[in-house]
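Dear colleague,

I am handing over the structure we spoke about, and it is shown just below. My notes on what was found in it follow, and I would be glad if you read them with the model open.

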Amino acid sequence: MIDYDAELKKYSKVSDLEDVEQLVKNKDLTDMTDIMKYMIQEKDEQI
């Protein structure tokens, strides 16, 4: 049987992962909601 606790102790944390997480959290990403709001605003301005 696999001892998961022992297996997890073998691995070390990737230091770059924290940097990537911070970059993703701090990045202003455009999602579908933002795109739809922009399209509706553009349409309203044309009328």
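This is a predicted model: local features need pLDDT of at least 70, side-chain atom pairs count only at pLDDT 80 or more; totals for chains, interfaces and linings use all residues.

Side chains of opposite charge can pair when their charged atoms come close. In this protein the count of salt bridges comes to one, and the pair concerned is glutamate 7 with lysine 10, whose side chains meet at 3.2 Å, taken from N to O. That distance qualifies because the cut-off for a salt bridge is a side-chain nitrogen of Lys or Arg within 4 Å of a carboxyl oxygen of Asp or Glu. As for the cover of the two partners, glutamate 7 counts as partly exposed because its relative accessibility is 32%, whereas lysine 10, at 61%, counts as exposed.

**Overall form**

The protein has three helices and zero strands, and along the sequence these follow the pattern α-α-α. Its C-alpha atoms fill a box of roughly 70 × 25 × 5 Å, taken along the principal axes. How much of the protein is made up of buried residues? Of its 47 residues, 0% are buried, where buried means under 20% relative accessible area. The protein exposes about 5,200 Å², and carbon and sulfur atoms supply 57% of that area.

**From the α1–α2 loop through helix α2**

Lysine 13 has its place in the loop between α1 (4–9) and α2, and this residue is exposed, its relative accessible area being 63%. Between lysine 13 and threonine 33 there are 35 Å, C-alpha to C-alpha, for a separation of 20 residues in sequence.

Helix α2 covers residues 15–26, and its twelve residues reach 18 Å from the first C-alpha to the last, which is close to the 16 Å expected at 1.5 Å a residue.

In the loop between α2 and α3 lies aspartate 31, which is partly exposed, with a relative accessible area of 40%. Its C-alpha is 22 Å in space from that of aspartate 19, and the two residues are twelve apart in sequence.

Methionine 39 belongs to helix α3, which spans residues 32–46, and this methionine counts as partly exposed because its relative accessibility is 49%, the limit above which a residue is called exposed being 50%. The C-alpha atoms of methionine 39 and leucine 23 are separated by 27 Å, with the two residues 16 apart along the chain.

With kind regards

Notes:
Residues are numbered from 1 along each chain as its sequence is written. Side-chain values use heavy atoms; hydrogens and water are left out. Buried means under 20% relative accessible area, exposed over 50%, partly exposed in between (1.4 Å probe, protein chains only). Helices (H or I, at least four residues) and strands (E, at least two) are DSSP runs, numbered from the N terminus. The expected span of a helix is 1.5 Å times one less than its number of residues. Accessible areas come from the Shrake-Rupley method with a 1.4 Å probe; for residues, only the protein chains shown count as cover.
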